[in-house]
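Me: I have a chain open here and would like to go through it with you. Could you take my questions as they come?

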Amino acid sequence: MSEAVITEPNTGDIVRCDACPVLCRIRCGKVGACDRYANRDGELIRLDPLVVTEHAIERDGELVPFLDAAADWDGKLVAEPPVFVTGIGSGTTYPDYKPAPFIVATEWQGVDTVTVVTEGIFSYCGAKVKIDTDRHLGPEQAAIRVDGEPVGHVTTAEYGSQMLSLGGVRHLTGGSKREGTVTCATLLALCNGEAVDLTIDGGSTVTVQAGKAPVVDGEREERMRVGCGSATIGIFAKQWIGHADEVIVVDDHITGVLSEHQAGRFLDMRPAGIRVRGRKSTPGRYFQVAEPGSGWGGTDVTDPLAIIDRIDSRTAWPGERVLMVSTTGEDSAYFELDGDLRPVPMPMPAPLQVVVDRIAENCEPALCTVLFMGGAGGSLRAGVTENPVRLTRSVQDMITRVTCGGAPAYVWPGGGITLMADVTRLPANAFGYVPTPALVAPIEFTLPRAAYEQLGGHMASIRDLNAVLAQHPELRREPGRPGNPWPYDPPGDPKRRP
Ligand code: SF4
């Protein structure tokens, strides 16, 4: 809850909130069902302050105000420092044919610019979660549960990461009321940067928090793998030559065998006669050497010798030096073949330890990434323009920049305005909810004033930025996030990050 805790006595006056379809009747001194609106002395108020971000740039690792860094900018007509009104705390207009709560005019670098600001109610929304680990979290398509309710599913793994798809309209509204409520609460917590325990059917329990390391079955994941087993061979092959006769990189995706691999052949390695289990894809690259799991390289292997199918006495030789290592360097073992060609564990030679350590050094820190995903293609657009399809076209043509709380949004090609935003790039607690259930997310559309007029914008509702700032002395100022493009810059500006 915001600073505006309502303490006035209940006078019996009731106001009706029409900011969402729930249409709460709120008694004096009380808040609505979403905790966002309240009745203060018979007046409906938005509890959280409007948030504006200040333009800053990074210099010597520190954020400095834009004006300090841009001496040639004259600043006229723009509040100082230049600020951007975000949708956070702006309120919602429902039904959407009403103009958005804020339609703000300013001048940016000589261009008259308009930003349409609102808090969108997203019935179609969810989160795409990337978890940097090669551990097996659960089978593809397995249900993901919170408090026993299905809130999403495991989707296709990506390179070094497991992917989860959470929320979506079917969980929010297509199941039981409890399923919808739990799904909405899960999305809200994740999008606001809180930690959530997700339990995967037939798999692990993962603690997910945006921008933090995942915790899998109580163990914090430290490293993202350097690559698959074959890639690891390709990266480090040369550094093993002369120190090992065979290197096997254990990986659930592709296990690499150095002497057979193209890299080993290129370096004139002698065939070493060790055949691993699984299905051979191409020379030195094997699929399915074991079951997926939490052991070596995302397999269920705890004893690496378990993946050796046979050792060919015609090719292998006594004294052969064999390194086995995982794709993160977390697990490694060194063996030498005895007179009967049996692998005997031996202390790791120092030159091989150096390369094992280098594999670990090349692994990036394991993180959870949470992308909010929502569809703004519906009636929300009517708060921007009387002719919504023109807004969609303007966004697709990169005339209108879409941001969420000032953070960049990726807009999918094709119809509608289907967007994704990294929740760590928004100000804190940017998301809310309504009990329909749906998420409430800030969204802003910024475009040249002339273009806004052309697409049928609500020109009579435009307010000057300075006037908005003056009317909202309670607003919260946040420094712009490092790396976020400044929303007033045109979408095609090469300076901006995508
Ligand atoms: S749930 Fe919130 S936004 Fe919706 S009507 Fe009630 S107070 Fe207003």
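This is a predicted model: local features need pLDDT of at least 70, side-chain atom pairs count only at pLDDT 80 or more; totals for chains, interfaces and linings use all residues.

Me: Good. How many helices and strands does the chain have?
Reply: The secondary structure of the chain comes to nine helices and 36 strands. Its C-alpha atoms fill a box of roughly 90 × 55 × 40 Å along the principal axes.

Me: And what share of the residues counts as buried?
Reply: Of the 498 residues of the chain, 52% count as buried. As for contacts with a separation of 6 or more, 66% are made by residues 24 or more positions apart.

Me: What is the mean pLDDT?
Reply: The mean pLDDT of the chain is 91, and 91% of its residues reach 70 or more.

Me: Where does pLDDT stay under 50, then?
Reply: Residues 1-10 are one such stretch, with 24 contacts beyond four places in sequence in the model. Residues 68-79 also stay under 50, and for these the model has 21 such contacts.

Me: Changing topic: which residues are around the ligand?
Reply: The residues there are Cys17, Ala19, Cys20, Leu23, Cys24, Gly32, Ala33, Cys34, Arg36, Tyr37 and Pro435. By class, this shell has nine nonpolar residues, one polar and one charged.

Me: How far is Asp35 from Gly432?
Reply: Their C-alpha atoms are separated by 8.8 Å, although the two residues are 397 residues apart along the chain.

Me: Which residues have a positive phi although not glycine?
Reply: Asp217 is one of them, with a phi of about 50°; this residue lies in the loop between strand S17 (215-216) and strand S18 (219-220). Leu341 is another, with a phi of about 60°. The loop holding Leu341 runs between strand S26 (332-337) and strand S27 (343-346).

Me: Is Leu341 buried or exposed?
Reply: Leu341 is buried, because its relative accessible area of 14% is under 20%.

Me: On to helix H3. What does H3 reach from its first C-alpha to its last?
Reply: Helix H3 (residues 177-191) has 15 residues and reaches 21 Å, close to the 21 Å expected at 1.5 Å a residue.

Me: How many of the residues of H3 are buried?
Reply: H3 is mostly covered, with eleven of its 15 residues buried. Among them are Glu179, Val182, Cys184, Leu187 and Leu190. Just after the helix, Gly193 takes a positive phi of about 85°.

Me: Which residue has a side-chain polar contact with Arg178?
Reply: Glu149 does: a polar contact of 2.9 Å joins the two side chains. Glu149 is found in strand S13 (residues 149-158), and its relative accessible area of 14% makes Glu149 buried.

Me: Which residues does Glu149 touch?
Reply: Leaving out residues up to four places away in sequence, Glu149 touches Ile144, Ser176, Arg178, Glu179 and Val182. Of these, Glu179 and Val182 are among the buried residues of H3.

Me: What about Glu260, buried or exposed?
Reply: Glu260 counts as buried at 17% relative accessibility. Its place is in the loop between strand S20 (255-257) and helix H5 (262-266).

Me: Which backbone nitrogen lies 3.2 Å from a polar atom of its side chain?
Reply: That is the backbone nitrogen of Gly284. Beyond four places in sequence, Glu260 touches Arg265, Ile274, Lys280, Pro283, Gly284 and Tyr286.

Me: Last one: where is Glu453 found, and how far is Glu453 from Gly256?
Reply: Glu453 is found in helix H8 (residues 449-454). Glu453 and Gly256 are 60 Å apart, C-alpha to C-alpha, and 197 residues apart in sequence. Glu453 is exposed, with a relative accessible area of 52%.

Methods: Residues are numbered from 1 along each chain as its sequence is written. Side-chain values use heavy atoms; hydrogens and water are left out. A residue is near a molecule or strand if one of its heavy atoms lies within 4 Å of it. Ala, Val, Leu, Ile, Met, Phe, Trp, Tyr, Cys and Pro count as nonpolar, Asp, Glu, Lys and Arg as charged, and the others, Gly among them, as polar. Helices (H or I, at least four residues) and strands (E, at least two) are DSSP runs, numbered from the N terminus. The expected span of a helix is 1.5 Å times one less than its number of residues. Buried means under 20% relative accessible area, exposed over 50%, partly exposed in between (1.4 Å probe, protein chains only). A polar contact is a pair of N or O atoms within 3.5 Å; within protein, one must be able to donate a hydrogen and the other to accept it, and residues adjacent in sequence count only if both atoms are side-chain atoms. Contact means heavy atoms within 4.5 Å. pLDDT is the predictor's confidence in each residue, from 0 to 100.
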